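Colleague: Could you take a close look at one part of this model for me, and walk through how its charged side chains are arranged?

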Amino acid sequence: MRGRATIRGFRTSPFWSALLKYSYDSNADDDLTKDIEEQVHITRNLREWRKEHMTVEQEIKIQASYAYDDGFSQGAHDKAVETARKMMEKNMSSEDIYELTGLSLNEIKRIAVSN
C-alpha cells in the first residue's frame, strides 16, 4: 500500500508515521511535526501555562527566583547610587561617574540635587 508505513508489522497512516518518527528522533521534517515543535516551544515559554500546570511548590520556587533576581538588580542599583554619591564627594565629574557606575546622566544629576 502506497503512503502507508509499516511499524513493527502495523500499517499506519502518514500522519501517525510522521508523528511516531518525530517522537523517536525529534527531527521536525514535515509540516505536522514543525507545527508540533513550534507549539511545544511556545507552550514551554508561556508563564500563564506554567502557572496553570505546575504544583504550588514549583510555583514558589519560580517566584522566589524572580524575587531574588529583582532584589539582586535593586541591590546593584543601590550600590551604584552609593558609589556615585561618594564620587561626588571627591568632586569627580558627572561623565566619570556615568562611565564608572553605569547610571544615567539624568539620574546622576538627580542624585547631585538630592545631596
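Modeller: In this predicted model, Lys79, Glu82 and Lys86 are joined in a network of salt bridges. Glu82 takes part in both of the pairings described here: with Lys79 the closest N and O atoms are 3.8 Å apart, and with Lys86 the closest N and O atoms are 3.3 Å apart.

Glu82 and Lys79 both belong to helix H4, which covers residues 56-89, and they are 3 residues apart, about one turn of the helix. Lys86 and Glu82 are 4 residues apart in helix H4, so about one helical turn separates them as well. As for accessibility, Glu82 counts as partly exposed because its relative accessibility is 35%. Lys79, with a relative accessible area of 46%, is partly exposed, and Lys86, at 47% relative accessibility, is also partly exposed.

A search of the whole structure finds 3 salt bridges, and one of them lies in helix H6, where the side chains of Arg110 and Glu107 meet at 3.2 Å, N to O. Arg110 and Glu107 are 3 residues apart in that helix, again about one turn. Helix H6 itself covers residues 105-114. Glu107 is buried, because its relative accessible area of 16% falls under the 20% limit. If neighbours within four places in sequence are left aside, Glu107 is in contact with His77 and Val81.

For the packing of helices elsewhere in the model, consider H1, residues 14-25, and H2, residues 31-45, whose axes come within 9 Å and cross at roughly 50°. The two helices are therefore oblique to each other, and the crossing of H1 and H2 is right-handed. On the H1 side the contact is made by Phe15, Ala18, Leu19 and Tyr22, and on the H2 side by Leu32, Thr33, Ile36 and Glu37. Sorted by class, this contact of H1 with H2 has 6 nonpolar, 1 polar and 1 charged residues.

Terms used. Residues are numbered from 1 along each chain as its sequence is written. This is a predicted model: local features need pLDDT of at least 70, side-chain atom pairs count only at pLDDT 80 or more; totals for chains, interfaces and linings use all residues. Side-chain values use heavy atoms; hydrogens and water are left out. Axes are lines fitted to C-alpha atoms, for helices over the stretch in contact, and angles run from 0 to 180 degrees between N-to-C directions. Angles under 35 degrees count as roughly parallel, over 145 as roughly antiparallel, 65 to 115 as roughly perpendicular and the rest as oblique. A crossing is left-handed if the near helix is turned anticlockwise from the far one by less than a right angle, and right-handed if clockwise. Contact means heavy atoms within 4.5 Å. Ala, Val, Leu, Ile, Met, Phe, Trp, Tyr, Cys and Pro count as nonpolar, Asp, Glu, Lys and Arg as charged, and the others, Gly among them, as polar. Buried means under 20% relative accessible area, exposed over 50%, partly exposed in between (1.4 Å probe, protein chains only). A salt bridge is a side-chain nitrogen of Lys or Arg within 4 Å of a carboxyl oxygen of Asp or Glu.
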